[in-house]
Amino acid sequence: MDWNDFYKAIKEERYQSVYLFAGPEELTKREALEALRRAILPPGLEALNEATLEGCGAQAIIDSAETLPVMCARRIVVVRDWLPLSASKVKSDEADIERMLEWLKNPPESCILIFYMSVEMDGRKKLPTTLKKMGAYVEFNHLSGALLLKWCNQQLRPVKKKIQPEALNELTMMAGQDLNRLSGELKKLSAFVGDAPEISVADVRAIVAPSPEYMVFMILDHLLEGRLAEATKVVNTVLQTEPSAVRLIALFASQLRIDAHMKYALETGGNLPEVQRALNVSDARARFVLRQIRPLSADSLRQRYEACVEADFAIKSGQIQERAALNALMLRIVMPRRATK
């Protein structure tokens, strides 16, 4: 279920014994947990009926979940970033997973157990798969489109302002989709525009500091258009505040992976909106990506992505220094385009 379905169920007092909270949007995830607390725990008895666990085994979780609530119908147990649910591979987790799977067959009604994941989760593992089949999985993805515009204007309502849709597109490209970051940027923008009733694209460009991801998009835009000198200038600017060339290469790889997947979808007649959702790409970013990849083939984008992977390996295996690897990578990204000219 998504978080809207979760809120609807809470409003109707339809509670499950187990939930798995996962996804990249931390603000809505925290708000959902707080909504569940308000619905379940009587005022003044919260401390007696809630436990938060980290770095523990299955038996500790089970013991806490089977502890009876005090003067209320249910208690809440929150397990944060449980290792057997994460993307890591540890053999010692197997016994914990089997123990938890057995317990999940008949969890007590006196407790609501929440696996709260703020780190990457491997949805292919047996435990996440089982929780999804139980209907326990609540997905917290970034807001986009009309939902995000509505959320932003709700944040601006107390100061009697709105943000133009085009300005929101620019804001999400420059600052990303994280609601915590967007909330802070909206406060700065509302102060910057003064008495003006709307926030414009020009306002966003004047006051919002671009994220590293946005700068990487700009760099790749230059490289994919064959503008190596302009790309180098932006790289030098980024490295003044983000001195890790390895981090920059990782961001190149992330963007080129998205570019390649979306281009393959276009070339093969795939479901582009479905690919966009799977890659967690906002509508605004998707428009920029589609413009960027229009003249390029999927195979050429894949080759550039593989060049990023090779550069990362070369640095980490001690074959080449970071900046030299970055410079060589930029040449490999720009050269196929130049060759076509």
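Is phenylalanine 6 buried or exposed? Select it and take a look: phenylalanine 6 is buried, because its relative accessible area is 0%. Keep in mind as you click around that this is a predicted model.

**Stop 1: the rings around phenylalanine 6**

With phenylalanine 6 it makes an edge-to-face aromatic pair, 6.0 Å from centre to centre and with 70° between the planes. Tyrosine 7 is partly exposed, at 28% relative accessible area.

Next, pick tyrosine 19. It also pairs edge-to-face with phenylalanine 6, with 5.3 Å between the centres and 85° between the planes. Phenylalanine 6 sits in helix 1 (residues 3–11) and tyrosine 19 in strand 1 (residues 18–22), so this pair ties together parts 13 residues apart in sequence. Both of these residues are buried.

Zoom out a bit and select Trp3, Phe6, Tyr7, Tyr19, Phe21, Tyr116 and Phe140: together they form one aromatic cluster. The structure holds nine aromatic pairs.

**Stop 2: charges over tyrosine 116**

Stay with the cluster member Tyr116. Show arginine 80, and you'll find its charged end over the ring of tyrosine 116, 4.5 Å from the centre. Lysine 29 lies over the face of tyrosine 116 too, at 5.5 Å from the ring centre.

**Stop 3: out to a surface patch**

Select Leu48, Val70 and Met71, a nonpolar patch on the surface with about 310 Å² of accessible area together. Valine 70 is in the loop between helix 3 (58–65) and strand 3 (75–80), and it counts as partly exposed at 34% relative accessibility.

**Stop 4**

Finish at asparagine 271, between helix 12 (245–268) and helix 13 (272–278). Its side chain reaches the backbone nitrogen of glutamate 274 at 3.0 Å.

Note on methods: Residues numbered from 1 in each chain as written. Predicted model: local features only at pLDDT ≥ 70, side-chain atom pairs only at ≥ 80, totals over all residues. Heavy atoms only, no water. Patch = residues over 30% accessible without salt bridge, like charges linked within 9 Å, V, L, I, M, F, W, Y side chains within 5 Å. Areas by Shrake-Rupley, 256 points an atom, 1.4 Å probe, with all protein chains shown as cover. Salt bridge = Lys/Arg side-chain N within 4 Å of Asp/Glu carboxyl O. Helix = DSSP H or I, 4+ residues; strand = E, 2+ residues; numbered from the N terminus. Buried < 20%, exposed > 50% of the residue type's maximum accessible area, 1.4 Å probe, protein only. Polar contact = N/O pair within 3.5 Å; in protein donor to acceptor, adjacent residues only side chain to side chain. Phe/Tyr/Trp six-rings, centres within 6.5 Å; stacked < 30°, edge-to-face > 60°. Lys NZ or Arg CZ within 6 Å of the ring centre and 35° of its normal.
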